[in-house]
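Welcome! Please take a moment to look over the model shown here, and then we can go through a few of its residues together.

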Amino acid sequence: MVDIEKLREIAREIISRDDVRQLIGYRQGTYGFRARPAFVTDPGEVDKLIFSPACVNNLATYITLEERLPVPRGQEPDLRKVAVMVKGCDSRALVQQMEEKAYERERILVLGIPCTGVVDMDKVEKRFPGVLARGEIVLEGDKFLLTYDGKEEEVAKGELLADKCTRCRYPTPLVYDQLLDEEVARFADDDYADVEALEKRSAEEKWAYWEEKFSRCIRCYSCRNVCPMCYCEDCVLDRLNPQWMRRSVDVSENTAYHIARAYHLAGRCIQCGECQRVCPVDIPLMELNRKFYKDVEELYDYEPGTNAEAPPLLSTFKVDDREDFIM
């Protein structure tokens, strides 16, 4: 587990540098066991920084918001670095963003956090309902220790661990300037058992399944807004001229929205699971994304967010590519 005092000391040194304008990290939330993003611009604020199994947010999402150019007329761009804390899965978003030339590597300073797993906050709040006072979660061996309202409770790690962590291949960040703890070994290989179970269903069963899921969608766009790979300034799904999609909330339009977004993430989704985490109506979006992820890996031997020097999957051309599928 990351030494918090070491983390704060390094953060204080970084934010004191003239070439760094802010550090994006984590701080304790306002209620319950939650942690929330922190945006530190002053050395006096670093004592609020934390890292714990409750730090579930993928902070890479904020990098593309901070680095968006050009600036308004009359203003000069602030070209100082943005520092960011990233877990292993988060770091893949940085790698993929850099693959796509969203920004240059020298524009960011990365604090890598080897991750031993984060909690699924829905599981936590189901197990400990109604906890409003601030609580804390730490990992001790194979158990989570939860402290709240003057009480302590131990829970087996597997009961609260986020599903994505059980199949994590990259718990240690793939890109960093400073690593804040020792490297963590790969948890497990992904056997895609959940995807294969879905693939075995008939077309009718698949449609009935997704029709029920997409019928819940309220088109709040939380999934898009939280995704580190949905950083287009002009989203085609928002366009009115031409209008690709109506604003009506019904199964047809909802299905079109989610299918279009899934195709946009093919070869780009890094499996951080943020879209599913923030969905207010519990649509299992990662089942759809993971199907594309599995196909991309099997067909093209490609894993998004693992090699910043590689070209993005769908922007390459090889003269020796097989073309036997072309009529």
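Is Asp-149 buried or exposed? In this predicted model, Asp-149 is exposed, as its relative accessibility is 52%. Exposed means over 50% relative accessible area, so the 52% of Asp-149 puts this residue in that class.

**Asp-149, between two strands**
- You can find Asp-149 in the loop that links strand 6 (143-148) with strand 7 (151-156).
- Its backbone has a phi near 50°, which is a positive value in a residue other than glycine.

**Lys-101, between a helix and a strand**
- Lys-101 lies in the loop between helix 3 (88-99) and strand 4 (108-112).
- Here phi is near 60°, again a positive value in a residue other than glycine.
- Lys-101 has a relative accessible area of 62%, and because exposed means over 50%, Lys-101 counts as exposed.

**Thr-255, in a helix**
- For Thr-255, look at helix 9, which covers residues 251-264.
- Thr-255 has a relative accessible area of 14%; buried means under 20%, so Thr-255 is buried.
- The Thr-255 side chain reaches the backbone oxygen of Val-251 at 2.6 Å.
- Leaving aside residues up to four places away in sequence, Thr-255 touches Trp-207 and Phe-214.

Notes:
Residues numbered from 1 in each chain as written. Predicted model: local features only at pLDDT ≥ 70, side-chain atom pairs only at ≥ 80, totals over all residues. Heavy atoms only, no water. Helix = DSSP H or I, 4+ residues; strand = E, 2+ residues; numbered from the N terminus. Buried < 20%, exposed > 50% of the residue type's maximum accessible area, 1.4 Å probe, protein only. Polar contact = N/O pair within 3.5 Å; in protein donor to acceptor, adjacent residues only side chain to side chain. Contact = heavy atoms within 4.5 Å.
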